[in-house]
Amino acid sequence: MFRTRRLVLKALWLCNAFAGLFYKCYLFFARGVDVSLLADLNVWQRRNLRLGRNVTVRRGCIIDAPGGSAITLGDGVTIKENVHLLTYGGPGIAVGARTTVNSFCILYGHGGLTIGRDCLIAPMCVFIPANHVFDDTRVPISRQGVKCKGIRVGDNCWLGTKVTVLDGITIGDNCVIGAGAVVTHDIPPDSIAVGVPARVVKTRGEGIDHGGHGAHGGCTERKEVFPEFSAVTMR
Ligand SMILES: CC(C)(COP(=O)(O)OP(=O)(O)OC[C@H]1O[C@@H](n2cnc3c(N)ncnc32)[C@H](O)[C@@H]1OP(=O)(O)O)[C@@H](O)C(=O)NCCC(=O)NCCS
C-alpha cells in the first residue's frame, strides 16, 4: 500500500516535471520568455501567470500563484537566482517593465504587491504585504489569521540590499532606499530614505552632480581604492 502510494506520487511528480519542461520550452521559443529549467514554476498555475516579452527568470526561483492570485511580470523583467514570488492566494504580485529583482529576494502577495517600472531591487530584499493578527492572547498567533493592506513601489526606485518593506506602505516614484532599511511609513517620491525605521534623509536632485550615466556592470565613478590591483593582469 505504502509502496503504491509512493509510486503514484513519483509518477505525478514526473508528469509535473515533464509538463513544466515543455511549458518552459514553449515560453522560450514562442513567447521570448526565458524561465530557467531549474526554476520552480507550477505549470498547472499557468493561467495565473502573465509574462511579458523578454522576461528572464533564473535558476532556483519559486513562482507560486495558487487560487485566484496573479503574478504579472512586465516586458524585460529580470528575476535573478533564488527569488521567491509567493502570492499565498492573495491578489498577487505585479512587477513593471524592465525592473530587476536581484538574488534571494522574497516577494509575497497576500495583500497585493506592485513594483513599478525600471526599478532595481538589490539582493535579499523582502516585501511583506501582510501582518499576523495577534490581539487575542488566549489563541495562538498562527490561528488568528492575517490582515493585509498591500504594498506599492513606484517607478524608477532603487532599493539597496536587505531592505524590508512592510504592509500598507507606498514608496513613491524615483526613490532610493538605503541598505538594511525597514520601511514602516510611506516614502514620498524622489526621496532617499535610510535606517530602521526608514527616514527620509535627502531629496534626489538636490545638490547632486549629474556627471555620469552608465549601464549596470561598470562604475561610472571609479575610485582607485586598491592601486595594487592595477598591476594585476587578468588571464
Ligand atoms: C543610501 C545610499 C545610496 C547612500 O546615499 P547618499 O545620498 O550617498 O547618502 P550619504 O552617504 O550622503 O548618507 C547620508 C546619511 O545617511 C546615512 N546612511 C547612508 N546609507 C545608510 C544606510 N544604508 N543605513 C543607514 N544610514 C545610512 C549616512 O551615514 C549619512 O548620515 P550622516 O549624515 O549622519 O553621516 C547608500 O548608503 C546605500 O545604502 N546604498 C545601497 C548599496 C546597495 O545595497 N547596493 C546593492 C547593489 S544593487
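**Exercise 1.** Determine which residues Ile171 contacts, leaving aside its neighbours within four places in sequence.

*Solution.* The model is a predicted one. Two residues count as in contact when their C-beta atoms, placed from the backbone, lie within 7 Å. With the neighbours within four places in sequence set aside, Ile171 is in contact with Val153, Gly154, Cys157, Ile177, Val183 and Ile187.

**Exercise 2.** Identify the residues with the most contacts inside the largest nonpolar core, and the elements that contribute to this core.

*Solution.* The largest nonpolar core comprises 46 residues. Inside it, Ile63, Ile171, Ile177 and Val183 have the most contacts. Two or more residues each come from E3, strand E6 (70-73), strand E9 (92-95), strand E11 (106-108), strand E12 (113-115), E17 and strand E21 (176-177).

**Exercise 3.** State the strand order of the open six-stranded sheet and explain why one side of E3 and of E20 lacks a neighbour in the sheet.

*Solution.* The order is E3-E6-E9-E12-E17-E20, and the pairing is parallel. Strand E3 (49-51) and strand E20 (170-171) stand at the edges with a single partner strand each, so one side of each has no neighbour in the sheet. E20 is joined to strand E17 (residues 151-153) by two bridges, and these strands run parallel. Arg152 has Thr170 as its bridge partner in E20.

**Exercise 4.** Describe the shell of residues around the ligand by class.

*Solution.* Of the 14 residues around the ligand, Ala122, Gly160, Thr161, Gly178 and Val194 come nearest. Strand E23 (191-194) and strand E24 (199-203) are the elements that give two or more residues to this shell. By class, seven residues are nonpolar, six polar and one charged.

Technical notes:
Residues are numbered from 1 along each chain as its sequence is written. This is a predicted model: local features need pLDDT of at least 70, side-chain atom pairs count only at pLDDT 80 or more; totals for chains, interfaces and linings use all residues. Two strands pair if DSSP finds at least two bridges between them. Helices (H or I, at least four residues) and strands (E, at least two) are DSSP runs, numbered from the N terminus. A residue is near a molecule or strand if its C-beta atom, placed from the backbone, lies within 6 Å of it. Ala, Val, Leu, Ile, Met, Phe, Trp, Tyr, Cys and Pro count as nonpolar, Asp, Glu, Lys and Arg as charged, and the others, Gly among them, as polar. A nonpolar core is a set of buried Ala, Val, Leu, Ile, Met, Phe, Trp, Tyr and Cys residues joined through C-beta atoms within 7 Å. A residue is buried if 20 or more other C-beta atoms lie within 10 Å of its own, exposed if 12 or fewer, and partly exposed in between; C-beta atoms are placed from the backbone.
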